[in-house]
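Q: I would like to learn how to read a structure like this one, residue by residue and then as a whole. Could you walk me through it?

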Amino acid sequence: MPPRGRIFADLTPLRTSPDYRRLWCGNTVSWMGQQMTALAVSLQVYAITGSTFSVGLVGLCSLVPLVVFGLYGGAIADTVDRRKLGLASAAGATVMSVVLAAAALAGYHRVWLLYTVVALQAVCFAMNSPARSSMIPRLLPTEQLPAANALQSLTTNLGLMGGPMLGGVIVGLWGYQAAYLIDVVAFGASLYAMWRLPAMRPDQGEGPPRRASVLDGLRFLATRPNLRMTFFADLAAMVLAQPRALYPAIAALWFGGDARTVGLLVAAPAVGAVLGGLFSGWLGGVRRHGLAILLGVAAWGAAIAAFGLSRHLWLGLFFLAVAGCADTVSMVFRSTMLQAATPDEMRGRLQGVFIVVVAGGPRLGDFLAGSTADLSSPAVAVVGGGLACVLVVTALGLGRRAFARYDARDPQP
């Protein structure tokens with residue numbers, strides 16, 4: 001039997017680097033608070049308007065700033081001290097939660113204010129995320145990056161699962177202001193972690209600091225086939241095989257369920273992703289990161305196609321959980337390649353591209369799945385999308401065989 005460290009999540013980064021440990025703990029706490037706030041805002045918008053369309057606009061208010069400012073946030077992270085940028089953006093997000101709490105306490109319930117705050121929070125996130133992600137390779141040796149990214153996946157998915165549940169309970173017991181105030185306190189953990197970090201200016205070599213251009217980052221990506229492939233593979237999964245927009249129809253048509261069934265369908269991939277993170281210790285021994293990404297994305301597509309063929313709820317949930325686990329494997333190695341094979345002076349900009357892809361890809365997938373289902377049926381959309389994902393990622397692998405041979409011991413962008 002493999003040693004324990006090769007089965008369960010590798011905690012070496014938390015043990016060996018106090019700076020990383022504080023950053024991870026702070027991000028975990030603040031992310032949970034952000035997810036509580038996200039649910040509370042949606043509930044408050046619905047309470048004010050009684051309109052599901054108005055609630056849907058909350059997502060649009062966050063998506064547009066993420067896409068627009070993601071690239072610029074990465075460019076700024078390649079120009080200034082990333083620690084200071086992380087502090088400033090986290091402080092800005094904290095102020096936004098203070099505004100939400102103050103408005104709720106004062107009884108000022110206006111939808112325009114909620115939309116504005118959500119948009120500004122997204123701007124802060126678009127500035128914070130590239131800075132924070134670009135710091136990780138400066139805090140840990142390269143061989144610990146897969147373990148660090150697996151721990152990040154745990155943070156993300158536990159927050160997505162637990163944050164809304166806690167938010168719903170807290171809003172129900174003490175009101176919207178309680179959720180917002182808890183978020184303010186939670187941001188304190190992130191601010192403290194950033195404050196304790198050393199200076200994190202990007203390494204631009206000798207000479208005076210240079211202005212980081214978004215276009216320079218895109219040109220760099222265009223000439224680095226291995227890094228480019230990580231984005232193509234992710235888009236294949238998120239655009240072609242993203243069935244979440246169809247969950248309400250699937251719950252009713254396939255499983256004879258209701259809103260609770262939709263909730264189970266939404267939660268299943270997250271449960272699989274959490275399990276993938278908990279049992280991620282073996283990922284540190286994988287050297288062929290490109291091949292692992294291709295297999296992970298293909299497994300996602302195959303699991304989604306199998307879900308499309310299932311008509312028993314628990315079997316369908318199983319396949320969705322498998323898809324979530326496969327996505328965790330793919331995400332760990334995509335993030336690791338992006339960090340290890342990118343020069344420090346370009347890391348912020350490529351993390352900005354990563355934000356745009358992660359934010360925009362699933363939305364395009366929602367549109368494609370919904371359109372395909374309207375033209376044919378949900379089964380055709382889900383099964384066809386899963387199979388298309390497998391075919392596309394296979395074609396990508398065959399077209400760029402060097403990607404499958406990528407070796408973590410000699411990271412080549």
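Predicted model: local features only at pLDDT ≥ 70, side-chain atom pairs only at ≥ 80, totals over all residues.

Q: Is I293 buried or exposed?
A: The idea is to look at relative accessible area, where under 20% is called buried. I293 has a relative accessible area of 0%, so I293 is buried.

Q: Which residues are in contact with I293, leaving aside its neighbours within four places in sequence?
A: Contacts are pairs with heavy atoms within 4.5 Å. For I293 they are T230, A233, S330, F333, R334, M337 and F403. Keep R334 in mind, as we will meet this residue again in a salt bridge.

Q: Now for charges: what is the general idea behind a salt bridge?
A: Side chains of opposite charge can pair when their charged atoms come close. In this structure, a search of the whole model finds 12 salt bridges.

Q: What does R334 pair with?
A: R334 meets D234 in a salt bridge, with 3.5 Å from N to O. R334 belongs to helix α13 (residues 313-340) and D234 to helix α9 (residues 225-240), so this pair ties together parts that are 100 residues apart in sequence. R334 is buried, at 5% relative accessible area, and D234 also counts as buried, at 6%.

Q: Where do the partners D366 and R244 lie?
A: Let's take the distance before the location. The closest N and O atoms of D366 and R244 are 3.0 Å apart, and the two form a salt bridge. D366 is in helix α14 (residues 344-375), while R244 is in the loop between α9 and α10, so the pair ties together parts that are 122 residues apart in sequence. D366 counts as buried at 19% relative accessibility, whereas R244, at 34%, counts as partly exposed.

Q: How many residues apart are R219 and D216?
A: Three: both lie in helix α8 (residues 214-222), about one turn of the helix apart. D216 has 33% relative accessibility, so D216 counts as partly exposed.

Q: Which residues are linked in a network of salt bridges?
A: When reading charges, check for groups as well as pairs. Here D78, R82, R138, D344, R347 and R349 are linked in such a network.

Q: And how are the charges of the protein placed overall?
A: One way to read this is to take the mean position of each kind. The protein has 31 positive and 18 negative charges, and their mean positions are 1 Å apart.

Q: Let's step back. How many helices and strands does the protein have?
A: The protein has 16 helices and zero strands.

Q: What does the radius of gyration tell me about the protein?
A: You set the value beside the one for a compact globule. With 413 residues, such a globule would have a radius of gyration near 22 Å, and the protein has 21 Å, which agrees. Its C-alpha trace spans about 60 × 50 × 45 Å along the principal axes.

Q: What about burial and contacts across the protein?
A: Buried residues make up 53% of the 413 residues. Among contacts with a separation of 6 or more, 87% come from residues 24 or more positions apart. The accessible surface comes to about 17900 Å², and 69% of this surface belongs to carbon and sulfur atoms.

Definitions and conventions: Residues numbered from 1 in each chain as written. Heavy atoms only, no water. Helix = DSSP H or I, 4+ residues; strand = E, 2+ residues; numbered from the N terminus. Rg over C-alpha atoms; globule rule 2.2 N^0.38 Å. Buried < 20%, exposed > 50% of the residue type's maximum accessible area, 1.4 Å probe, protein only. Areas by Shrake-Rupley, 256 points an atom, 1.4 Å probe, with all protein chains shown as cover. Lys, Arg positive; Asp, Glu negative; His and termini not counted. Charge placed at Lys NZ, Arg CZ, Asp CG, Glu CD. Salt bridge = Lys/Arg side-chain N within 4 Å of Asp/Glu carboxyl O.
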